[in-house]
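Please keep the sequence and the structure in view while reading.

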Amino acid sequence: MKTSRNPDTIHAPIGRYVHQVEVGSPSRLLFISGQVGMRPDGSVPEDTVDQLEVALENVVRNLEAAGLEATDLVKAITYVVMGSPMDLAKRRAVLERLFGEHIATSTLVYVAGLASPEYKVEVDAWAAR
């Protein structure tokens, strides 16, 4: 069982996320390694938001491979290479397309670099059912 909350004792979320998700017991947990914007054929788009979309599609594919759904996502940490433009409105549109009304906890972090210079985005994800 999962319960999402935005406590009224702190500010409202300033983006597409929820402040907390509590996972009760017994639950099934899935931790997904950081997913980059690499398509199944090995290609990587140039655009930062396009890489984000592919990385999130890879998260969804990981969920499906484990028998879970996009609504089972509870935490996503997005790493963006500094200097890579990230249009936050386009980011929200990608999240809405892939996850619908479901909103997970979320962190967006700017970093100096990722595993390869071609990667501009990486998404680390946790899921529970």
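The largest pocket is lined by I14, G15, R16, Y17, L88, R91, R92, S106, T107 and L108, and its space comes to about 170 Å³. The model is predicted: local features need pLDDT of at least 70, side-chain atom pairs count only at pLDDT 80 or more, and totals for chains, interfaces and linings use all residues. Residues are numbered from 1 along each chain as its sequence is written, and side-chain values use heavy atoms, with hydrogens and water left out.

**Largest pocket**

- A pocket here is an open set of points on a 1 Å grid over the protein atoms alone, with protein on both sides within 12 Å along at least five of seven lines; lining residues have an atom within 4 Å of a point.
- Grid points are joined across faces, edges and corners, and a volume is the space filled by probe spheres set on the points.
- Two or more residues of the pocket lining come from each of α2 and β5. Helices (H or I, at least four residues) and strands (E, at least two) are DSSP runs, numbered from the N terminus.
- By class, the pocket lining has four nonpolar, three polar and three charged residues. Ala, Val, Leu, Ile, Met, Phe, Trp, Tyr, Cys and Pro count as nonpolar, Asp, Glu, Lys and Arg as charged, and the others, Gly among them, as polar.

**Largest cavity**

- A cavity is a set of grid points where a 1.4 Å probe fits but cannot get out.
- Searching the whole structure gives one cavity of 30 Å³ or more, and the volume of the largest cavity is about 120 Å³.
- The cavity lining consists of R16, L73, A76, T78, R91, L95, F99, H102, I103, A104, T105 and S106.
- At least two lining residues of this cavity are supplied by each of β4 (73-81), α2 (88-99) and β5 (105-111).
- Six nonpolar, four polar and two charged residues make up the cavity lining.

**Helix α2**

- With twelve residues, α2 reaches 16 Å from its first C-alpha to its last, close to the 16 Å expected at 1.5 Å a residue. The expected span is 1.5 Å times one less than the number of residues.
- R91, V94, L95, L98 and F99 are the buried residues of α2. Seen down the helix axis, the buried residues of α2 fall within an arc of 100°, so they line one face of the helix. The arc is that of the directions from the helix axis to the C-beta atoms.
- Buried means under 20% relative accessible area, exposed over 50%, and partly exposed in between (1.4 Å probe, protein chains only).
- The cover over the buried residues of α2 includes α1 (48-65), β4 and β5. Contact means heavy atoms within 4.5 Å.
- A89 also belongs to α2, but A89 is exposed, at a relative accessible area of 52%.

**Helix α1 and strand β3**

- α1 has 18 residues and spans 26 Å from its first C-alpha to its last, close to the 26 Å expected at 1.5 Å a residue.
- Buried residues of α1 include T48, V49, Q51, L52, V54, A55, L56, N58, V59, V60 and L63. Among the elements covering them are β3, β4, α2 and β6 (121-128).
- V36 is part of strand β3 and is buried, with a relative accessible area of 16%.
- Beyond neighbours within four places in sequence, V36 is in contact with V54, A55, N58, Y119, V121 and E122.

- V74, in strand β4, is buried at a relative accessible area of 9%.
- Not counting residues up to four places away in sequence, V74 touches K2, V21, V23, A104, T105, W126, A127 and A128. The C-alpha atoms of V74 and W126 are separated by 5.8 Å, although the two are 52 residues apart along the chain.
- S84 sits in the loop between β4 and α2 and counts as buried at 11% relative accessibility. Its contacts, leaving aside neighbours within four places in sequence, are T48, Y110 and K120.

**Loop between β2 and β3**

- P26 lies in the loop between β2 (20-23) and β3 (29-36), and the peptide bond from S25 to P26 is cis, with omega near -5°.
- G24 is found in the loop between β2 and β3 and counts as partly exposed, at 27% relative accessibility.
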